Amino acid sequence: MDFLSKNFLYRTLPFDVFVRRAAEVKHTEYFISEDEKYYLRSLGEDPRKDIADIRKQFPSLAEDIQIPEYFEKEQFFSSVFRISSAGLQLWTHYDIMDNFLIQIVGKKRVVLYSPRDAPYLYLAGTKSEVLNVDNPDMEKYPLFRKARRHECSLEAGDVLFIPALWFHNVISEEFGVGVNVFWKHLPSECYDKTDTYGNKDPMAASRAVQILDRALKTLEELPEEYRDFYARRMVLRIQEKAYSTNYE
Ligand SMILES: O=C(O)CCC(=O)C(=O)O
Ligand SMILES: [Fe+2]
């Protein structure tokens, strides 16, 4: 799926039809083409307000899934049912909560990048513009070669821990069924209450970015030479005051 060219559509199907189509490679009935791919990312009852929880939207499956007890009940955020056709690739993105990606059926390849590699990933919001992580356009994305790739292969029964802010790019190598569980590892007041997907930046981060945008606007009042001088001093100040010394 390419979020830049928007080569995907949202469609509604009865669940059994959806699963049948996602599991077949060539379709006799289809929306666009006989080899189109399908992806389900479950949502809450009211997608704008409610949070996906497989135990609520798919109660008959609830028993089948045991959520690993690595966090307190109050920290639970969502459990998202995910079904995908073979060959479907989901763009590189980060989520802001800790996450267990539980593979139930099929093989999946996950490529991860550390949050420290953000400068090399050409971000648009929470997503990376580098869609083809295996054969990227190096002229367009020259810094991408600096990003260090961590790759893993998930099979039925495997659970991958994806820490908050770690970028991930997922390819379903076979028809796949999975569930992922997001949980809040920061105090709950840090999170944006309107976030139903687990990918809105924590409140303090969005506020800081807004303030930075105002500071940048203010710098525009200065002539170029001064703007450059003070902008560089601000970068130094950010590095000195806000960078962690606690990283490898
Ligand atoms: O496995 C997938 O289809 C996507 C997983 C994902 O993005 C997540 O668990 O946050
Ligand atoms: Fe994700």
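**Cavity and ligand**

Modeller: The largest cavity is lined by Arg41, Leu43, Gly44, Pro47, Asp50, Ala52, Thr196 and Tyr197. On a 1 Å grid over the protein atoms alone, a cavity is a set of points where a 1.4 Å probe fits but cannot get out, a pocket is an open set with protein on both sides within 12 Å along at least five of seven lines, and lining residues have an atom within 4 Å of a point. This is a predicted model, where local features need pLDDT of at least 70 and side-chain atom pairs count only at pLDDT 80 or more, while totals for chains, interfaces and linings use all residues. Residues are numbered from 1 along each chain as its sequence is written, chains are lettered from A and ligands numbered from 1 in the order in which they are written, and side-chain values use heavy atoms, with hydrogens and water left out.

Colleague: What volume does the largest cavity have?

Modeller: About 30 Å³, where a volume is the space filled by probe spheres set on the points, which are joined across faces, edges and corners.

Colleague: And where does ligand 1 sit?

Modeller: Ligand 1 sits in the largest pocket, meaning that more than half of its atoms lie within 2 Å of the pocket's grid points.

Colleague: Which side chains have an N or O atom beside an oxygen atom of ligand 1?

Modeller: Among them are Tyr39, at 2.6 Å, and His168, at 3.1 Å, and a polar side-chain atom of His93 also lies 3.1 Å from a ligand oxygen; a polar contact is a pair of N or O atoms within 3.5 Å, and within protein one must be able to donate a hydrogen and the other to accept it, with residues adjacent in sequence counting only if both atoms are side-chain atoms.
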